[in-house]
Amino acid sequence: MHKSIVAKYVADGRPGNALRTLLNIPELADNLMTFQAYLIRESTLLPRHREILILRTGWLLNNDYIWAAHVPAARAAGLSTDDVRRVAEGPEARGWQPFEATLLRLADQLFRNSFVNAAAYKALTAEYDLHHTMDAIMTVNNFTTLGLMYNALGIQPDPWNADRIPTDVPYRVVVPPREAALTVARVDPVPGTGLAVTRTFARHAKLAAARTGSNYVNRQSKLDPRHRELMILRTGWNCRSEYEWAQHVGSVGRAREMGMPVDNIARGPDAPGWNPTEQALLTAADELYRDSFVSDRTWSALSARLDTVMIVNALISAANYRLVSMSLNAFGVQLEPGDERFPTIAN
């Protein structure tokens, strides 16, 4: 199975450290690579725009693997050495075309706010049609998922890629305060029955067919369902994605049916009643969201209770649903009738 996955995704037969690491769980590797392959090979974006978004996302997560792997592609797409450095400097750096600065602002807002404000979305859609818009947003969201996993697993750049994130550019991300959640969808679902999220992605059928990460988390992962829902719900709460929360409290994740203390998931790892495994999982979800990393202390706490495969499955549950939550927020997917809203939690 390993050889078939490498043959499927690696043209020169030389898998990098990321794929070699993910191949410890072949089904996970295949799911993640399916969407990555679509975004790199088949999306509607110009290669230059795609690589600006990917490099900025790698920089936002401080992930040398993504940066190193994509600088050569960025150069092939026409970015100069100065352009590559300007990606790290951000949207206000001199020299960007106005729309390229818009793309950088898009990445910054998705990363920091799990949302895209009205001005940035208007600027994006002034240049892009629906499919380009969805591909741009999903490029950032997918490489956020990958960067979180690469950071948490300590995946190192491949030796044949010499570029690294410039260390003399201060880490600074400036975005407007997050606006209120949308009350009208930006991307209208296709007519019909079924969940609004599925019908929203159906507006871009090719993208929807390639987006398989949630299939792995919900159908192939052997993680305890309670642990999976802890990671998903805490991530939805951190991202302020009410649709994600509602579905996993309700009919998709069925947290209420499992008797999970849903309000305490919103309160976080310091809420009373968690056992040590649950507390470590919630802490890991918070660290991934806040720090794009899992601390050694939290990894040790997880390792004392879960084997490595289960830890990876827990992390991809959070990382994948970071992508989902960011997408739901940006596209304005509206709650289903009767959905449970966020709990009111006192500070």
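The buried residues of helix H5 are Tyr65, Ile66, Trp67, Ala68, His70, Val71 and Ala74, where buried denotes under 20% relative accessible area, exposed over 50%, and partly exposed the range in between, computed with a 1.4 Å probe on protein chains only. The model is predicted, so that local features need pLDDT of at least 70 and side-chain atom pairs count only at pLDDT 80 or more, whereas totals for chains, interfaces and linings use all residues. Residues are numbered from 1 along each chain as its sequence is written, and side-chain values use heavy atoms, with hydrogens and water left out.

Helices are DSSP runs of H or I with at least four residues, and strands are runs of E with at least two, numbered from the N terminus. At the start of H5, a side-chain oxygen of Asn63 comes to within 3.3 Å of the backbone nitrogen of Tyr65, while just after the helix Gly78 adopts a positive phi of about 105°. The buried residues of H5 pack against helices H2 (17-22), H3 (26-41), H4 (47-60), H6 (81-89) and H9 (130-153).

Trp67 of H5 is, together with Tyr150 and Trp245, among the residues that touch the most other members of the largest nonpolar core, which holds 115 residues. The largest share of this core, 15 residues, is contributed by helix H18 (residues 308-331). Such a core is a set of buried Ala, Val, Leu, Ile, Met, Phe, Trp, Tyr and Cys residues joined through side-chain atoms within 4.5 Å. When neighbours within four places in sequence are left aside, Tyr150 is in contact (heavy atoms within 4.5 Å) with Ala18, Leu22, Gln36, Asn63, Tyr65, Ile66 and Ile155. Thr139, which lies in helix H9, is buried at 0% relative accessibility, and with the corresponding neighbours within four places set aside, Thr139 is in contact with Leu39, Leu45, Arg50, Leu53 and Ile54.

The structure holds 19 salt bridges, each defined by a side-chain nitrogen of Lys or Arg within 4 Å of a carboxyl oxygen of Asp or Glu. Arg48 and Glu100 form one of these, with an N to O distance of 2.4 Å, and this pair links distant parts of the chain, Arg48 lying in helix H4 and Glu100 in helix H7 (residues 98-113), 52 residues apart. Glu100 counts as buried because its relative accessibility is 2%. Arg48 and Glu100 are also linked with Asp83 and Arg86 in a network of salt bridges. A further pair, Arg56 and Asp108, has its closest N and O atoms 2.8 Å apart; Arg56 in helix H4 and Asp108 in helix H7 are likewise 52 residues apart, and both are buried. In the salt bridge between Asp263 and Arg256 the closest N and O atoms are 3.9 Å apart, and the two residues are partly exposed, with relative accessible areas of 31% for Asp263 and 41% for Arg256.

Technical notes: A polar contact is a pair of N or O atoms within 3.5 Å; within protein, one must be able to donate a hydrogen and the other to accept it, and residues adjacent in sequence count only if both atoms are side-chain atoms.
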